[in-house]
Amino acid sequence: MNTEKDFSPLTPNIVRALNDKLYEKRKVAALEIEKLVREFVAQNNSAQIRHVIQILATEFALSQHPHSRKGGLIGLAACSIALGKDSGLYLKELIDPVLTCFNDSDSRLRYYACEALYNIVKVARGAVLPHFNVLFDGLSKLAADPDPNVKSGSELLDRLLKDIVTESNKFDLVAFVPLLRERIYSNNQYARQFIISWIHVLESVPDINLLDYLPEFLDGLFQILGDSSKEIRRMCEVVLGEFLKEIKKNPSSVKFAEMANILVIHCQVSDESKSTNDLIQLTSMTWMREFIQLAGRVVLPYSSGILTAVLPCLSYDDRKKSTKEAASACNHSLMKLVTPEDDEDDEESLTKTSPPSEETLKKEGDLNDSLNESQESVGFSNISFFTPASSDRSAVTLDLDGIVQVLDRHLHDSSTGMMTRIAVLKWLYHLYIKTPRKMFKHTDSLFPMLLKTLSDESDEVILKDLEVLAEIASSPAGQTDTSGLCDSMDNKTELHIPGGVRDGQPMVVGSKMTDLSPSTPSMNSYFYKFMINLLKRFSLERKLLEVRGAFIIRQLCLLLHAENIFHSMADILLKEEDLKFASTMVQTLNSILLTSAELFQLRNQLKDLRTQESCALFCCLYRSWCHNPVATVSLCFLTQNYQHAYDLIQKFGDLEVTVDFLMEVDKLVQLIESPIFTYLRLQLLDVEHNPYLIKALYGLLMLLPQSQAFQLLSHRLSCVPNPELMRTVEVPKAPVKDKRLAQPHIDYSELLQHFDRVQSKHLEVRHQRAGRSEHPDRKLML
């Protein structure tokens, strides 16, 4: 530096000392500057004060010579001390050159700059707040300084600045938030620690409402939560916990909608840095749970994103138990927000409000009860919702299309866990109950996957899937527009009941004519589509039929009306071209009909053929049951058509008796000994009025080889009283019991002819198969 240059009012001795390499000489020069400035203050000579500060800044602090820069820094600090409370008038001139030195390559000079700024801030106190952003920006850089002395000095300055902010009520939060939003994304650990400490301080100041600006930096907080440093994660957890407490205290002032997507993003984690990601996911899921419970319907527009994040967590194991429980609470709370109001169009919501049916109210009640039970099971029974004003509530729109896309995607994903699939199906069922009109627009796209889900390995998944399919098949909303559906289906959709008449008119199932019986609930067009596709699936997946077929049909009989199920399946099977499958399916249906507790009412209806409806049902079942001779006989036993059963057994001599056939006869004998046929065994006591029952049983006995079933049936027949009545003489026709007097006319000769035609087709198909195969698959029982 040119020492001959005029630096007045600084004396040559002061200038020389400021440029000295020794700290002690620079300190003496600083004391002289302090004395000089005090004189100018006493004289109120602000021009000279500014001139001194300008010389120290431009000629020293910003000099190219390192010792001169150090002298300039200590000189500026001396000026601030001399100015005292008046330093606020000159803060910009004092601070700017010092902050420039924060970027110096010399660590000692950065330390001296930090020391100088500490002295300036200490004197100015609250007056520095208008310059807070530049101070904060400079400090954030020093917090990550590699030199420990510089870092230590910056920490002292940081604490001083925090004390000033805490004491003051003039902090400009609006101006600070953009800088905070920018700096919070730093990857440096020390910078992150600095940011978190400041957020914690500002959040604790009563006069500073940082919660209003939380959406601006919440994303950055969650990113810091994933830091590798345990201490930084702990600090971030504390800060997030404080914010969450504040949100719970003042939910009405929280900007839930602006933060919802941030939480959705952080609820979804990758496999990298697994432990830290788990913490982010658990924390964000906990926040999401509180948001849904506090904000209520405000979060509905974000439902698809929330479900994308929540559903996979439901399949976590016990290693992530806390996250799973929080996700479960989110799922149940979100589900409860969907109401029948969401099924209304915007223009209809104010004008058309039709009361729900009793059945719908019952389903909604059951659904809400189950939701409450599930909520309590995960420990979140007491939920308080922040309810927006009515005007806000009406403006909230359920993102139904987005929700359905998310649910459909999870169903299609083969890696989806079992609990997630169950939750998806519960959601679909809930949506069909609450918003049936809008949901039926998505049914055609959902239907194939729902059918495919019947092949799932989990019984619980299949049960939930059947509930959804049953709701689709029985919902009145499915009747709103069936023309397009009916056109797209084959002729099997229109199910005619052979031999069934009512009031002189043929009964047609699937048309807009009358239902099967007055007690049968009406089904929409999806019911028949469901039945057709279910049988088609059984035909293509024989293992599904063998392992889960009976289970699926029994559950459907509980969820829908058993008469509808059997009536429609029988009529569809009547047109089935694969005769082997038709026979197997009839055998399965017959076994369910005779043994399942779910079919008790239907068995009683068939046992007493006193009404036109029950006779029509018998005729319908009979014609399909003809695909399986033994099943046909068992149906006659069930309906107490013993003479017809005897006529059928006589025709068995013309059939090809295979091992499978004899095994079915064996099973029928076992069934006769079961509680289902208790009434039949008791009728053996009345030999005079049941001669054809005894003849039919003897016919079965003659069909059987000397086996255990033969011994069982033989022993049963030996217990029949008065064997003399069983001679082969012509027995006069017994009077019909009272219960048969009211039976409508059934043309049994026509039914026998139908049996012959069906069996002829089966025989023809078996011969064709035998001709194509060198070693037929069937063998005679020798």
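Predicted model: local features only at pLDDT ≥ 70, side-chain atom pairs only at ≥ 80, totals over all residues.

Trainee: Let's start inside. How many residues does the largest nonpolar core have?

Mentor: It has 246 residues, and those with the most contacts inside it are L10, L221, W287, F530, F566 and F637.

Trainee: Which helix gives the most to this core?

Mentor: That's α20, residues 418–434, with ten residues. As background, nonpolar side chains tend to be buried together in soluble globular proteins.

Trainee: Okay, pick L221. What does L221 touch?

Mentor: Leaving out residues up to four places away in sequence, L221 touches I184, I196, I199, L214, C236, V239, L240 and F243.

Trainee: You also listed F530. Which residues of α23 and α25 meet, F530 among them?

Mentor: From α23 you have L466, L469, I472 and A473, and they meet Y526, F527 and F530 in α25. By class, that contact has seven nonpolar residues, with no polar and no charged ones.

Trainee: And at what angle do α23 and α25 pack?

Mentor: About 135°, with the axes 7 Å apart. α23 covers residues 459–474 and α25 covers 525–540. The angle makes α23 oblique to α25.

Trainee: Switching to charges. How many salt bridges does a search of the whole structure find?

Mentor: The search finds 34. The general idea is that side chains of opposite charge can pair when their charged atoms come close.

Trainee: Which distant parts of the chain does the D278 and K320 pair link?

Mentor: D278 sits in helix α14 (residues 274–295), while K320 is in the loop between α15 and α16, 42 residues apart. Their side chains meet in a salt bridge at 3.3 Å, N to O.

Trainee: Is K320 buried or exposed?

Mentor: K320 is buried, because its relative accessible area is 17%, and the cut-off for buried is under 20%.

Trainee: What about D343, which residue does it form a salt bridge with?

Mentor: R437, with the closest N and O atoms 4.0 Å apart. D343 lies in the loop between α16 and α17 and R437 in helix α21, so the pair ties together parts that are 94 residues apart in sequence. As for accessibility, D343 is buried at 8%, while R437 counts as partly exposed at 37%.

Trainee: And R537, which side chain does it meet?

Mentor: The side chain of E541, in a salt bridge at 3.1 Å, N to O. E541 counts as partly exposed, at 28% relative accessibility.

Trainee: Last topic, backbone. Where's the cis peptide bond?

Mentor: It joins S8 and P9, with omega about 15°. P9 is found in the segment before α1.

Trainee: What's the phi of N44, and where is that residue?

Mentor: N44 has a positive phi of about 60°, although it is not a glycine. N44 is found in the loop between α2 and α3, and it counts as exposed at 68% relative accessibility. For context, most residues other than glycine have a negative phi, and most peptide bonds are trans.

Trainee: And R125, what's its phi?

Mentor: Near 50°, a positive value in a residue other than glycine. R125 lies in the loop between α6 and α7, and R125 is partly exposed, with a relative accessible area of 28%.

Methods. Residues numbered from 1 in each chain as written. Heavy atoms only, no water. Axes fitted to C-alpha atoms, helices over the stretch in contact; angles between N-to-C directions. Helix = DSSP H or I, 4+ residues; strand = E, 2+ residues; numbered from the N terminus. Parallel < 35°, antiparallel > 145°, perpendicular 65-115°, else oblique. Contact = heavy atoms within 4.5 Å. Nonpolar A, V, L, I, M, F, W, Y, C, P; charged D, E, K, R; others polar. Buried < 20%, exposed > 50% of the residue type's maximum accessible area, 1.4 Å probe, protein only. Core = buried A, V, L, I, M, F, W, Y, C linked by side-chain atoms within 4.5 Å.
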